[in-house]
Amino acid sequence: MTKTNAMKSTDHEHFDHNLQENKKRKVFLAKLTDRLRLLRNSKIIQQTAMELLAEELGLQRAVYFKVLPDGNTLELKAAYQKDVSPLPKHLQLSDFSNHLATDFLNGKTFVLNDSRYEAQSVTYQKIEVGSGVAVPLVKNGEFIALAAISAILPRNWTATELYLIEELAERTWAAAERAKAEEDLLNSQIRFQSIANLVPDLLWDSEPDGSTNWYNQRWLDYTGQSFEEAIGWGWIESIHMDDRQGSAQRYAEAMEKGVPLLQEHRIRRYDGIYRWFVVNTYPILDKNGRVIKMYGAATDIHDRREAEEAVRRSEEKYRTLFETIDEGFALMELLRDEHGQVTDLIYRDANHSFKSFTGWEDAIGKRGSELIPNLEPSLLKQMQIIADEAKSFRKEDYVADLNRWYDVHYSPIGGPGGNFIVAVFNNTTERKQAEQNLKESEGRQAFLLKMSDMLRPLNDSTIIQQTAANELLVEIDAGWVYYVSIDANGEKISAMEGASKTTRLNILPNTPVSAFGKFLASAYHGNKTLCYDDTQAHPDFNDSDRESFRMINAAAFISVPLIKNGNLVALLNVAVPSPRNWKRSEIELAEETAQRTWASVERAKAEATLKLTQSKYLIQLEKEVTDRTSKLQESNLLLKKSEEIAHLGSWNYNLETGIFSWSEGMYRLFDLEIDQEVVPEIYLKYSTPNGLFSAKRIAQRIRRGDVDFEETLEINVSNNIKTLQIKALSSSNIKGNKQRVLGIGLDISEIRAAEEKIHKMEANQKLEIFRTSLSTLEEERYRISESLHNGIGQILYGIKINLSALEPTLKENEFNEAKKYVNKLLTDVIIETRRISHELMPTTLEQFGLKSAIEDI
């Protein structure tokens, strides 16, 4: 064979060899991918990969390490080791080379063909490594893992072998990360669903339009709906027809304002029965303050409502007196938040005079905030004092939404801490208006004299305008007052000064008067004072005008134009942040202030120049800081309320590690420092003697983790007795083995106390009915005895006298007359006897509830 032919033969053999190596490599990687794809546990994935690689390359060892944060320590996570001693749990890279950790951080694969020639050959001999390869895994600049193979004897590693271990390292890491992510997601979903299903309330989440995406199992169990039937708009079918419109309207208002909602309506049970629920919803807002999700919870209050209804029925016999008294009467129930603070009230009952004084025909069942949109927080605070201290209170007050004065006497029902208050009141509007008119007239003159005295010595036009605006601001309690100077042509603003409690206006000089809108600009030149009680509802304005008013916080607005020599020279603008019925006296004060301010400014114009009071950019910066601070405070409040809203805490017991952990809510229930170490036996420490058996059983069941359970436990926390409802579910891993116990602790002390209070009220009510019935029965017996004496007794006595007068000697006509009269008396006796017998029938006594009272007792 020639030399040329020999070379061709050699090249052909190399080509065939490379082709075979590539084929083997592809087959192995395909096998690796198929095996790892089916696995869901990261440890099993790493172990399987090492075993496949060792078998493929005929190795004594294939290992996978996790790199600890110091970048030098390796922690063994998976290993295939055959005919060699096991590696220790941890290895130090610095034991092999000082620069090895740096090379790995830079992503450099380490190849060792013969350890005998290495400086640290002794170290390699101790772990039986004659040759090896180590592939680092570097992610986002961090050295996180290391895959390594080794043989006892020296070995020249081929390019195919190096490619296989590098590719295997990447695919193993990717598969393990996938498995971890899937496992974390599954555990998170299981934990959330388990906790949601343990809560006794009906839970859901909804979109801004009201459609729903999720329910807990309690909703489905209660309504009998399937998940597919409930989501979207299916929930509407479960709401009582009479409650749908009002509930939907309140939901829309809460959604528009981005605020929590508390309302009551009826929800249909699976058997067709409707029960009352109190519904709490809480909005999730985006960075622009728009609602993106609404979470809701419905709590069954049907028994409470029935108890209230029973009390109401028992008081119906007093309705006549209640409806005929001249004073207005209202029964109100206070609504409190989770901290016990009064946030609103509901009118539970009212008489005819109440409706006449207020004009509210359908107030019963409605909230105070619905009837009085500008309900004063100070009134709610006073209501809380009355209820908490059980003290009566009398006050004469003005209700702006009704434009009326009332003299009101408030009285609490029950002891301290109750939620029901009675208000008895008279309408004193006419008297107060007469007094107010006189006072306003005197006050107006005093104000104008005071302002004139203050403006007279001033010679700076800016100070004059600010002083006049501030005095008017205080006098009529405005949001802001501004004096706007107009140029000589009456078309553009030349300057603006004023005072503000709310929004500081910055309108640049040379801004056209027409920028206020065509309608306002035209009205100004007509020399007519403009007055708007509600700029958002007035038909004179379009949407752009209303948005402008919102931007300057002007819900109600007065604008006084000053026309001199036929030209518009100035405007005095007054605004408040809420709708307001302007009084004639307030409008006249604004007009007089405008005239006197203009006169004073004209006098001082030659001596003063306009000064800018604030920088545009500083105002913008302050606004941004305020907005960001407000958003941060809202986020912190949302985080806190989400923990406290349900008065419960959750806990988790890991059956593998024995670690028992509590949420912050559990620590609050037991009044403990957060993150203090706890164990299941902690329930024994805080249990009362009555709850000791339950506490032992709870601890044992948590430790075993073999069954779901629900227990009620009485505990003593800081000398306060609480009743907790403990519920738990055991959770299994993907293999079906019990892995952890998830549970919640719910404080039901208030519910128990409310139930006891209702039982006590029912018992007292029944006793009072029984006493009243006995008294009524005694009065009825006395009246019947009196009827027997005064009716039948006297008639019988008359019959006796007439019979004794019948003598044989009487003439026939006299005898017949006497006989006829006796016959009439006997007829009267029969009629009276029948009348009394009818009064003695049992139905007469049953009307007084005697039978029912005796049966109930």
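How far apart do the axes of helix α14 and α15 come, and at what angle do they cross? I looked that up first.

**Ground rules.** I'm working on a predicted model, where local features need pLDDT of at least 70, side-chain atom pairs count only at pLDDT 80 or more, and totals for chains, interfaces and linings use all residues. Numbering starts from 1 along each chain as its sequence is written, and side-chain values use heavy atoms, with hydrogens and water left out.

**Confidence.** I checked pLDDT, the predictor's confidence in each residue, from 0 to 100. The protein averages 81, and 85% of the residues score at least 70. I flagged residues 610-614, where pLDDT stays under 50.

**α14 and α15.** Helices here are DSSP runs (H or I, at least four residues) and strands are too (E, at least two), numbered from the N terminus. The axes of α14 (residues 429-455) and α15 come within 10 Å and cross at roughly 160°. Axes are lines fitted to C-alpha atoms, for helices over the stretch in contact, with angles from 0 to 180 degrees between N-to-C directions. That makes α14 roughly antiparallel to α15 (angles under 35 degrees count as roughly parallel, over 145 as roughly antiparallel, 65 to 115 as roughly perpendicular and the rest as oblique). I listed the contacts (heavy atoms within 4.5 Å): among them, Phe 447 and Met 451 are on the α14 side, Ile 464 and Leu 472 on the α15 side.

**α15 and α18.** I then followed α15 (residues 461-476) to α18 (residues 584-604): they pack at about 165°, axes 9 Å apart. These two are therefore roughly antiparallel as well. In α15, Ile 464, Ala 468 and Leu 472 are among the residues that meet α18, where the partners include Leu 589 and Val 601.

**Glu 491.** I found Glu 491 in the loop between β17 (480-486) and β18 (493-500). Its C-alpha is 7.9 Å from that of Leu 568, 77 residues apart along the chain. Leaving out residues up to four places away in sequence, Glu 491 touches Ile 486, Thr 511, Pro 512 and Val 513.

**The five-stranded sheet.** I traced an open sheet in the order β8-β7-β11-β10-β9, with antiparallel pairing (strands pair if DSSP finds at least two bridges between them). β8 (212-215) and β9 (261-268) stand at the edges with a single partner strand each, so one side of each has no neighbour in the sheet. β10 (residues 274-285) and β11 (residues 291-300) pair over nine bridges, and Pro 283 stands opposite Met 294 in β11. Helix α8 (residues 241-257) packs on the sheet, touching β7 (202-206), β9, β10 and β11. Helix α9 (residues 302-314) lies across β9, β10 and β11, at about 125° to β10.
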